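The following exercises are to be worked through with the sequence and the structure at hand. Each consists of a task and a solution in steps.

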Amino acid sequence: MGVETEFGITAMRDGSAVLGPEEIARYLFKPVVAQYKSTNVFTDNAARLYLDVGAHPEYATAECDSLTQLLNHDKAGELLFNDLAAQAEETLANEGIGGDVYMLKNNVDSAGNSYGTHENYLISRGLSLKHFGKRLLPFLITRQLLCGSGMIKNGQFVLSQRADQVWEGVSSATTRTRPIINTRDEPHGDSRRFRRMHVIVGDSNMAEPSFALKVGSTQLVIEMLEADWDIPAFDVAEPIKHIKEIATDPTGQTPLVLKDGTTVTALEVQRGVYEAATRWLEQRPDEGTPVEELRRVLELWGRVLTAVEKQNFEPVSTEIDWVIKRNLLERYRARLGGDWSHPKLAQIDLAYHDINRERGLFYLLERKGLVKRWTTDEAIAAAAHTAPETTRAHLRALFLKEARALGAHHTVDWVHLKVDRPVPQTVDLQDPFAVTDARVDDLLEYMREHADELDAPLGGIRG
């Protein structure tokens with residue numbers, strides 16, 4: 001599994017922007033370019049950090065094979081970018097520009113432009129991704145009830161920031177039509193064995209339990225479909241129409257018309273899938289994400305569904321992003337006269353997603369004990385510098401450490417490790433679960449033996 005997160009970025013001084021997004025992004029990446037001669041690099045923890053189109057800083061976690069491991073590495077991306085933002089502020093001050101650099105882990109900026117958080121799940125090549133994706137759609141369009149980040153839109157609070165930004169169910173497009181599931185065939189591994197399912201409809205999460213519920217519940221559904229488990233098949237006629245309707249209805253009672261003419265509610269879809277997952281977990285092999293950890297996911301999933309059903313959100317008020325944010329905004333809205341369109345509320349909405357741990361509103365709530373944790377600061381800090389040891393990322397990190405220490409001219413992507421001099425040497429890592437490889441050992445030894453000939457500048461890293 002892996003997650004790619006695009007961040008919003010701005011630099012403000014006295015309430016006004018001091019630079020455009022492209023300019024501040026260049027300041028943000030100055031230390032990266034200075035060290036690696038590129039804005040597209042693999043970091044020491046084997047993740048990819050780069051500047052995406054539209055001046056969006058992006059962080060793609062290394063390959064992870066369990067839920068909390070992935071959460072730690074997702075949160076590690078915040079630490080890495082927060083450090084770059086601090087360096088950018090220092091540079092702006094030294095150049096007499098000044099201003100605070102804000103990086104926002106959300107999905108829609110103040111002008112309505114959208115950027116995403118993409119989930120990647122490895123599935124078997126033997127599955128039909130298009131058919132598999134259509135079986136997943138009912139769960140994905142209703143998943144926002146569990147883990148949406150919420151936002152103010154058109155004078156009302158909605159559950160999801162991404163729900164209104166997708167226009168197709170399953171497609172190979174990414175930006176032109178923005179599907180819920182992208183079918184572009186990029187397995188980043190042995191194409192005879194694997195496919196990568198690319199889910200691009202989810203919200204970025206600040207609350208750790210929300211992230212765990214988003215990924216953990218989806219992992220369970222994928223496992224059930226792969227195992228041909230008895231899971232209800234809700235053949236929704238118009239998923240794109242309904243995903244937008246569900247976003248405006250926190251009761252979960254949005255009626256979804258099925259192709260046979262019957263209807264179910266969004267809550268009924270989630271309840272049906274949840275009950276199937278409960279049965280699945282009783283006989284699931286204890287591989288990858290531990291069963292005990294998935295029990296935590298299932299327990300939270302059930303509590304959220306009960307909260308939606310009873311419209312009593314107090315039991316999940318410190319764990320689910322959209323609930324946390326709505327409660328916060330409601331308190332301010334009452335003081336401001338009850339108008340959802342008040343500009344102060346829009347500021348609070350954005351401030352919730354500020355990744356600065358000293359300034360961000362979410363992290364203020366966390367310090368006050370108003371948000372529950374799923375992991376620890378120590379585990380996140382370790383993930384910022386250490387690759388997962390249970391996946392191919394471990395080998396990539398070993399290679400990067402040695403190549404950089406020796407000054408070797410090298411290139412890296414998700415699959416390939418290459419030393420360019422004195423004679424090009426390449427290793428293809430087609431198995432994402434391989435943590436040892438004699439060819440990598442040989443490549444490291446090759447660099448050591450030719451250390452005197454590896455005199456090219458650092459860099460040449462591609463994603």
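Asn154 lies in the loop between strand E9 (151-153) and strand E10 (156-158); helices (H or I, at least four residues) and strands (E, at least two) are DSSP runs, numbered from the N terminus. The model is predicted: local features need pLDDT of at least 70, side-chain atom pairs count only at pLDDT 80 or more, and totals for chains, interfaces and linings use all residues. Residues are numbered from 1 along each chain as its sequence is written, and side-chain values use heavy atoms, with hydrogens and water left out.

**Exercise 1. Backbone angles in loops**

Task: State the phi of Asn154 and of Asp14, and determine whether Asn154 is buried or exposed.

Solution.
Step 1. Most residues other than glycine have a negative phi, and most peptide bonds are trans.
Step 2. Asn154 has a positive phi, near 50°, although it is not glycine. With a relative accessible area of 72%, Asn154 is exposed; buried means under 20% relative accessible area, exposed over 50%, and partly exposed in between (1.4 Å probe, protein chains only).
Step 3. Asp14 is a residue other than glycine with a positive phi, near 55°. Its place is the loop between strand E2 (8-13) and strand E3 (16-19), and its relative accessible area of 76% makes Asp14 exposed.
Step 4. A cis peptide bond, with omega about 0°, joins Arg421 and Pro422. Pro422 belongs to the loop between strand E17 (416-419) and strand E18 (425-428).

**Exercise 2. The annotated binding site**

Task: Explain why Glu4, Tyr50 and Glu58, listed by UniProt for "binding site", can be said to gather at one spot.

Solution.
Step 1. The three residues come from an unreviewed UniProt entry; UniProt positions are given in the numbering used here, feature names are shortened, and annotations may be inferred rather than shown by experiment.
Step 2. They span 55 residues in sequence, yet no two of their C-alpha atoms are more than 10.7 Å apart, so they gather at one spot.
Step 3. Glu4 is part of strand E1 (residues 2-6) and counts as buried at 14% relative accessibility. Beyond four places in sequence, Glu4 touches residues including Tyr50, Glu58, His118 and His198, where contact means heavy atoms within 4.5 Å.
Step 4. Glu58 is part of strand E6 (residues 56-60) and is buried, with a relative accessible area of 3%. The side chains of Glu58 and Tyr50 are joined by a polar contact of 2.7 Å. A polar contact is a pair of N or O atoms within 3.5 Å; within protein, one must be able to donate a hydrogen and the other to accept it, and residues adjacent in sequence count only if both atoms are side-chain atoms.

**Exercise 3. Two sheets**

Task: Give the strand order of the three-stranded sheet and of the eight-stranded sheet, and identify the edge strands of each.

Solution.
Step 1. Strands of a sheet pair through backbone hydrogen bonds, either parallel or antiparallel. Two strands pair if DSSP finds at least two bridges between them.
Step 2. The three-stranded sheet is open and antiparallel, in the order E3-E2-E7. Its edge strands are E3 and strand E7 (100-104), each pairing on one side only. The twist averages 50° from one strand to the next; axes are lines fitted to C-alpha atoms, for helices over the stretch in contact, and angles run from 0 to 180 degrees between N-to-C directions.
Step 3. E2 and E3 pair over three bridges in the antiparallel sense, and Arg13 stands opposite Ser16 in E3. Helix H1 (residues 21-28) packs on this sheet, touching E2, E3 and E7, and its direction makes about 95° with that of E2.
Step 4. The eight-stranded sheet is open with mixed pairing, in the order E4-E5-E6-E1-E8-E13-E12-E11. Strand E4 (40-42) and strand E11 (168-171) are at its edges with a single partner strand each, so one side of each is left without a neighbour in the sheet. Here the twist averages 15° from one strand to the next.
Step 5. E4 pairs with strand E5 (residues 48-52) in the antiparallel sense over three bridges, and Phe42 stands opposite Arg48 in E5.
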